[in-house]
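This briefing goes through selected residues, the aromatic rings and a pocket. Keep the structure in view while reading.

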Amino acid sequence: QVQLVESGGGLVQAGGSLRLSCAASGGTFSSYHMGWFRQAPGKERAFVAAISRGGVNTDYADSVKGRFTISRDNAKSTVYLQMNSLEPEDTAIYYCAADRGPFSSSRVTSETPYDYWGQGTQVTVSS
């Protein structure tokens with residue numbers, strides 16, 4: 001059983017930056033590829049970014065490409081999401097998730113395969 005705890009959310013002005021962290025415990029972190037998803041008010045949860053077990057492969061939603069960067073530190077069992085040039089449309093609850101399956105674009109962009117989820121951290125971007 002893997003536990004995931006997100007942190008780093010908050011209130012920021014448009015154009016600002018935040019770095020989210022997701023700390024994992026209770027499992028072998030390097031066995032999972034990791035994803036970030038977000039859920040805006042009144043909308044379904046949506047894919048943001050994913051990173052493979054060794055950190056070599058990444059994938060991003062078109063809406064965040066060039067602004068967000070996902071990374072991981074397997075020694076610290078932590079995955080990060082660096083968010084730059086934030087926009088009000090980025091306001092959402094951000095969740096990290098872990099998946100034991102193979103890393104492919106068609107798989108990591110769907111929330112269905114992910115085995116474990118964190119509780120989420122709120123990000124609010126003011127205009």
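Leaving aside neighbours within four places in sequence, Ser21 is in contact with Val5, Glu6, Ser7, Trp36, Thr78, Val79 and Tyr80. The model is a predicted one, and the values below are computed from it. The points that follow are grouped by topic.

- Ser21 is placed in strand 3.
- With a relative accessible area of 16%, Ser21 is buried, because buried means under 20%.
- Ile70 belongs to strand 7, and its relative accessibility of 4% makes Ile70 buried as well.
- Residues up to four places away in sequence not counted, Ile70 touches Met34, Trp36, Ala49, Ala50, Ile51, Thr58, Tyr60, Val79, Tyr80 and Leu81.
- From Ile70 to Gly55 the separation is 15 residues in sequence and 9.0 Å in space, taken C-alpha to C-alpha.

**Loop residues**

- Gly26 sits in the loop between strand 3 and strand 4.
- Gly26 has a relative accessible area of 57% and is exposed, because exposed means over 50%.
- Apart from residues up to four places away in sequence, Gly26 touches Gln1, Val2 and Gln3.
- Gly26 and Gln122 are separated by 96 residues in sequence, and their C-alpha atoms are 24 Å apart in space.
- Ser77 lies in the loop between strand 7 (68-73) and strand 8 (78-83).
- Although Ser77 is not a glycine, its phi is positive, at about 55°.
- Ser85 is in the loop between strand 8 and strand 9 (92-99), and this residue also has a positive phi, of about 50°, without being a glycine.
- The relative accessible area of Ser85 is 43%, so Ser85 counts as partly exposed.

**Aromatic rings**

- How many aromatic pairs does the structure hold? There are 5 aromatic pairs.
- Tyr32 and Tyr116 form an aromatic pair with an edge-to-face arrangement: the centres are 6.0 Å apart and the planes are at 75° to each other.
- The arrangement counts as edge-to-face because the angle of 75° is over the limit of 60 degrees.
- Tyr32 is in the loop between strand 3 (18-25) and strand 4 (33-39), while Tyr116 is in strand 10 (residues 116-117), so the pair ties together parts that are 84 residues apart in sequence.
- Are Tyr32 and Tyr116 buried or exposed? Both Tyr32 and Tyr116 are buried.
- One aromatic cluster is formed by Phe37, Phe47, Tyr114 and Trp117.

**Charges over rings**

- Arg45 has its charged end over the ring of Tyr95, at 4.8 Å from the ring centre.
- Arg72 has its charged end over the ring of Phe29, at 4.4 Å from the ring centre.

**The largest pocket**

- The largest pocket contains about 160 Å³ of space.
- Its lining is made up of Arg38, Ala40, Lys43, Glu44, Ala46, Phe47, Ala61, Ser63, Val64, Glu89, Thr91 and Ala92.
- By type, the lining has 6 nonpolar, 2 polar and 4 charged residues.
- Phe47 is one of the lining residues and is also part of the aromatic cluster with Phe37, Tyr114 and Trp117.

Definitions and conventions. Residues numbered from 1 in each chain as written. Predicted model: local features only at pLDDT ≥ 70, side-chain atom pairs only at ≥ 80, totals over all residues. Heavy atoms only, no water. Phe/Tyr/Trp six-rings, centres within 6.5 Å; stacked < 30°, edge-to-face > 60°. Helix = DSSP H or I, 4+ residues; strand = E, 2+ residues; numbered from the N terminus. Buried < 20%, exposed > 50% of the residue type's maximum accessible area, 1.4 Å probe, protein only. Lys NZ or Arg CZ within 6 Å of the ring centre and 35° of its normal. 1 Å grid on protein atoms, 1.4 Å probe; cavity = no way out; pocket = protein on both sides within 12 Å on 5 of 7 lines; lining within 4 Å. Points joined across faces, edges and corners; volume = space filled by probe spheres on them. Nonpolar A, V, L, I, M, F, W, Y, C, P; charged D, E, K, R; others polar. Contact = heavy atoms within 4.5 Å.
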